[in-house]
Amino acid sequence: MYDVCVGLGYHCESTYQLRRITGVGRAHFFDWLDLDLVAVREIIEADFANVLRPGLSEPFSNGLCVRDRGSNIRFFHDFHAPEGTPLTPALIAEQHSGAREKFAYLADRWRALTASRSRVLYVHHDAFDESGAEDLAALHGLLRSRYPDHAFDLLWLRRTPPEDAAALPPGITWSTVVAQPGRWEGSDAAWDTALAPLDIPRAPAPAP
């Protein structure tokens, strides 16, 4: 049985679905962020030191979000502009220290979890089928080497089945969650099916 289920991107769909299924709203570092698997690996390898360094955050996607050039995270929820206006360098600079403080706190939470006795299921949602078995194995190996006493497994969720699934090492499983056009939260039914075989915390059933 897993004590904790922790998302490792790609974007908000995974955070929404894991919270809905588990009923656990406690924030983890990669929640509500937009980033690919390469960025996840680089951030863990750097022990979060490459995130939100001064002078590296800029408006992105026509000012809808902030891109941190040091970590290649796109922040859609941690910097704010007046309604109907884009984010600007000045607005980002005003809010940078608060965002940096928040993510330093979440990095400490990550370190505490990896040093604890909790058994963790990490979930990487490969929302655009960009990665291969070798990439997931590299992430798994990085976690093993950085946190040798940490008990965890890794779930790789794609839109379509991976062609190289046979190359995955022990400790990594995979499944699929189809996209649901027009709904950023994704398909509840697909996520329920993908996570049904796993012994993870579950939200209480609705009262009859």
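Student: What makes Asp 129 and Arg 158 a salt bridge?

Tutor: This is a predicted model, and the closest N and O atoms of Asp 129 and Arg 158 are 3.6 Å apart. The cut-off is 4 Å between a side-chain nitrogen of Lys or Arg and a carboxyl oxygen of Asp or Glu. The pair is therefore a salt bridge.

Student: Which parts does this pair tie together?

Tutor: Asp 129 lies in the loop between β6 and α4 (133–146), and Arg 158 lies in strand β7, so the pair ties together parts that are 29 residues apart in sequence.

Student: Why is Asp 129 called partly exposed?

Tutor: Its relative accessibility is 23%. Buried means under 20% and exposed means over 50%, so Asp 129 falls in between.

Student: Is Arg 158 buried or exposed?

Tutor: Arg 158 has a relative accessible area of 8%. That is under 20%, so Arg 158 counts as buried.

Student: What makes Arg 158 and Asp 126 a salt bridge?

Tutor: Their closest N and O atoms are 3.6 Å apart. The limit is 4 Å, so the pair qualifies. Arg 158 is in strand β7 (residues 151–158) and Asp 126 in strand β6 (residues 119–126), so this pair ties together parts that are 32 residues apart in sequence.

Student: How do you know whether Asp 126 is buried or exposed?

Tutor: The relative accessible area of Asp 126 is 1%. The buried class is under 20%, so Asp 126 is buried.

Student: What about Arg 69 and Glu 58: how far apart are the closest N and O atoms?

Tutor: They are 3.1 Å apart, and the pair forms a salt bridge. Arg 69 sits in the loop between β4 (65–68) and β5 (73–75), Glu 58 in strand β3 (residues 57–60), so the pair ties together parts eleven residues apart in sequence.

Student: Why are Arg 69 and Glu 58 each classed as partly exposed?

Tutor: Arg 69 has 39% relative accessibility. Glu 58 has a relative accessible area of 23%. Both values lie between 20% and 50%, so both residues are partly exposed.

Student: How many salt bridges does the structure hold?

Tutor: It holds 15.

Student: Which element gives the most to the lining of the largest pocket?

Tutor: That is α1, with five residues. The largest pocket has a volume of about 270 Å³. Of its 18 lining residues, the closest to the centre are Val 4, Cys 5, Val 24, Arg 26 and His 28.

Student: What classes make up that lining?

Tutor: Eight residues are nonpolar, five polar and five charged.

Definitions and conventions: Residues numbered from 1 in each chain as written. Predicted model: local features only at pLDDT ≥ 70, side-chain atom pairs only at ≥ 80, totals over all residues. Heavy atoms only, no water. 1 Å grid on protein atoms, 1.4 Å probe; cavity = no way out; pocket = protein on both sides within 12 Å on 5 of 7 lines; lining within 4 Å. Points joined across faces, edges and corners; volume = space filled by probe spheres on them. Helix = DSSP H or I, 4+ residues; strand = E, 2+ residues; numbered from the N terminus. Nonpolar A, V, L, I, M, F, W, Y, C, P; charged D, E, K, R; others polar. Buried < 20%, exposed > 50% of the residue type's maximum accessible area, 1.4 Å probe, protein only.
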